[in-house]
Amino acid sequence: MTTMHSYLGVATPAPRVAFFELSSCEGCQLQLLNNEARLLDFLALVEPVNFREAMDERSDDYQIAFVEGCVTRDDEVVRLLKIRQQAKILVALGSCACFGGVNQLKNRFVDPDWARRQVYGDFPVATSPARALEEVVTVDLRIYGCPVKKEEVERLVSELVLGKTPFVPKYPVCMECKAHHNLCLFELGEVCLGPVTRAGCEAWCPSSRMGCWGCRGPSEPANLAELAEVAQRFGVAAESLLDRLECFGGFAGAAAELRQKLNNPGGTNSSGGQA
Amino acid sequence: MSTIRKVEIHHLTRVEGHGNITIRIQDGKLIEARWEVVETPRFFEAILVGKKWENAPWLCGRICGICSIGHTLASIRAVERAFGLAVAPEAEKFRLLLKHMETLQSHVLHLCFLVAPDFLGTGSILPLIASHPDTVKLAARLKMLANQACELIGGRSLHPTRTVVGGFTMYPERAELAVLKDRLAAALPELDVLAGLFATFMIPDFRRETEFVSLQGEARYPFLGGDLVSSDGVRRSEDDYLPMTNEYCVEQSTSKWSRLSRPSFAVGALARLNNNYSLLTPGARATAERFGLAPVNHNPFMNNVAQLVECVQVVEDSLLLIEELLATRWAAPRQVVKPRAGRGVAAVEVPRGILYHCYEFDDEGRITRADCVIPTSQNHANIQHDLVVMVAEMAAAGQSDKEIEQRAAMLVRAYDPCISCSVH
């Protein structure tokens with residue numbers, strides 16, 4: 001059932017929405033409660049029927065499911081399949097859901113059990129390699145970012161509710177960074193994935209003089225060869241470039257290639273499980 | 001023949017992360033009460049190994065979406081202490097100010113969005129939009145102020161972008177800081193209104209004596225580094241955190257547990273306040289007195305009140321910090337970092353209690369070992385022990401399953417657990 005709400009004076013259908021989290025920091029859901037000045041308008045767009053972090057009521061009757069986090073254990077596969085079965089639209093919310101996020105960094109170890117032993121010793125704990133949602137189910141919309149940007153979430157959700165095709169930029173962060181009149185981070189001696197990362201964050205990090213870490217994954221196209229040349233020209237160590245390329249999982253292929261190229265992969269001999 | 005009564009809560013609501021409560025009662029006697037943590041581990045301590053120092057704060061902030069600023073600052077402090085790097089006094093002040101604004105944001109979120117519905121008889125804040133519009137708007141204003149202050153100083157409200165080893169990538173403008181000061185001053189009467197609301201709530205009357213662990217402040221209510229102290233009289237240096245945390249694995253939880261002088265101890269706002277009451281600012285002290293909160297208080301539900309007191313504390317202290325910042329000249333925000341081999345420990349008070357990060361580095365500044373001890377993991381055993389005693393009392397008093405279920409959920413919620421953070 002869909003009730004009618006009004007958003008900015010226009011009558012809109014308020015779809016029943018549910019929010020779920022798999023392996024994550026739950027920061028993307030926290031973002032949904034931010035932008036307080038517009039929070040009530042945002043909540044009026046939809047009818048939340050399942051949001052464990054914020055409400056007791058739980059219904060399995062929903063149209064749109066927002067799923068934060070990645071899959072790292074078998075019971076999460078079961079939960080995700082059930083959500084997919086129920087939801088008309090399944091939205092991957094944030095870098096963990098889209099690419100595995102920082103959690104997929106554990107996948108780089110050759111021995112998959114090494115990470116578990118490093119943290120828990122002999123104590124048995126169930127875990128599996130970190131996987132993006134789309135490795136398990138079909139995903140209808142990806143909202144990128146670590147964390148997601150609330151303004152973008154508001155726009156995308158409005159577009160979904162109003163039946164418009166959600167707009168997701170293909171061009172790189174560099175475009176937005178230039179539009180903000182920022183100094184180039186390379187010129188400031190920083191590493192930056194802005195030239196190859198999908199825009200839509202309004203150059204969030206570079207505008208704070210922090211080089212981009214690629215949390216939104218590759219732009220379309222993403223000229224990684226040119227980025228490697230630029231990095232070399234500015235004297236950026238290949239290891240620093242790798243740190244950024246492999247951080248959130250969006251550049252997994254390029255990162256694995258670069259890691260293989262560097263003959264001192266983890267840089268340490270103490271961790272038998274290094275890639 | 002008497003039947004066994006069961007209360008089961010699967011994936012407790014209005015808390016961060018995934019936890020279950022299982023209770024069994026027979027003939028008014030408690031058979032079993034368990035606090036189970038079923039969150040998936042993400043293995044941050046393994047992920048860090050082999051990574052260069054500059055990755056640590058960026059990755060470790062992602063341990064927790066709610067206290068990402070606290071994790072980032074703890075991580076930075078551990079790296080800087082390993083490398084013997086001291087930042088400029090104004091950088092320290094900006095860090096503390098940022099820390100304060102995260103505390104305010106987190107406490108207001110917990111008190112108004114997660115806790116208040118219990119006392120107002122609703123399942124979430126959503127029905128309160130219609131029934132208590134002024135309260136909801138007040139909560140939104142305070143949260144917005146705190147978030148915008150985090151954006152101003154840290155670059156954004158979570159997973160900050162300006163906080164780096166060596167200082168900051170950039171500082172805000174002085175004029176912006178002056179505006180923040182005015183807004184914070186205007187927030188004090190708002191917090192007084194919030195205290196007025198909480199004064200009408202019936203805080204459950206439950207007491208179980210326990211040990212409280214926190215930083216020990218010297219001149220200021222403590223948040224960033226210093227000695228570690230317990231209300232049972234243990235005192236250790238920051239580097240000596242391991243005998244203070246004593247982590248071990250338990251079958252009922254993917255989060256480790258901790259113990260010190262007793263089978264469990266508590267960390268968080270109540271622990272900080274119990275151990276540092278004399279360092280409260282005047283308004284914070286007056287708020288504590290209004291609720292009859294004095295050390296050593298052993299009612300876990302008073303952690304909510306302690307958070308309220310700390311909201312006033314961090315706002316009053318922020319006003320002083322901004323005055324100090326505006327009265328001084330600032331050097332370049334970021335210092336050059338020279339890595340070296342060694343070990344660095346940081347103890348930082350984050351909203352839910354004392355947090356430790358410890359890293360070991362090789363001489364190029366790559367991490368060879370990492371250890372993070374999370375506030376909520378230190379609280380899990382205390383929650384378990386509270387739950388057993390409280391439910392046994394309620395069962396003996398003949399209270400209904402519904403009452404027990406609600407009170408058990410409120411007990412866990414009072415600790416403001418950050419469960420995915422505790423498992424990390």
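Helices here are DSSP runs of H or I with at least four residues, numbered from the N terminus. With that in hand, select B:Val296, which sits in the loop between helix 10 (282-290) and helix 11 (302-326) of chain B. Look at the bond linking B:Pro295 to B:Val296: the peptide is cis, with omega about -10°. Keep in mind as you go that this is a predicted model.

For another cis bond, hop over to chain A and pick A:Cys146 and A:Pro147; omega of the peptide bond between them is near 0°. A:Pro147 belongs to the loop between strand 7 (141-143) and helix 6 (150-161) of chain A.

While you're in chain A, click on A:Glu26, in the loop between strand 3 (16-21) and helix 1 (27-32). A:Glu26 isn't a glycine, yet its phi is positive, about 65°.

Most residues other than glycine have a negative phi. B:Arg14 is in the loop between strand 1 and strand 2 of chain B and is buried, with 23 other C-beta atoms within 10 Å.

Now B:Thr13, in the loop between strand 1 (4-9) and strand 2 (19-26) of chain B. B:Thr13 is buried too, with 20 other C-beta atoms within 10 Å. What does B:Thr13 contact, leaving aside its neighbours within four places in sequence? Show A:Arg52, A:Met55 and A:Asp56.

Last stop: the open sheet of 3 strands in chain B, in the order 10-11-12 with antiparallel pairing. Its edges are strand 10 (342-350) and strand 12 (367-373), and neighbouring strands are turned by 10° against each other on average, direction ignored. Strand 10 and strand 11 (residues 353-361) of chain B share 9 bridges; find B:Gly342 opposite B:Phe361. Helix 3 (residues 68-83) of chain B packs on the sheet, touching strand 10 and strand 11, at about 150° to strand 10. Finish on helix 12 (residues 375-396) of chain B, which lies across strand 10, strand 11 and strand 12 and runs at about 125° to strand 11.

How values were computed
Residues are numbered from 1 along each chain as its sequence is written. Chains are lettered from A and ligands numbered from 1 in the order in which they are written. This is a predicted model: local features need pLDDT of at least 70, side-chain atom pairs count only at pLDDT 80 or more; totals for chains, interfaces and linings use all residues. Helices (H or I, at least four residues) and strands (E, at least two) are DSSP runs, numbered from the N terminus. A residue is buried if 20 or more other C-beta atoms lie within 10 Å of its own, exposed if 12 or fewer, and partly exposed in between; C-beta atoms are placed from the backbone. Two residues are in contact if their C-beta atoms, placed from the backbone, lie within 7 Å. Two strands pair if DSSP finds at least two bridges between them. Axes are lines fitted to C-alpha atoms, for helices over the stretch in contact, and angles run from 0 to 180 degrees between N-to-C directions.
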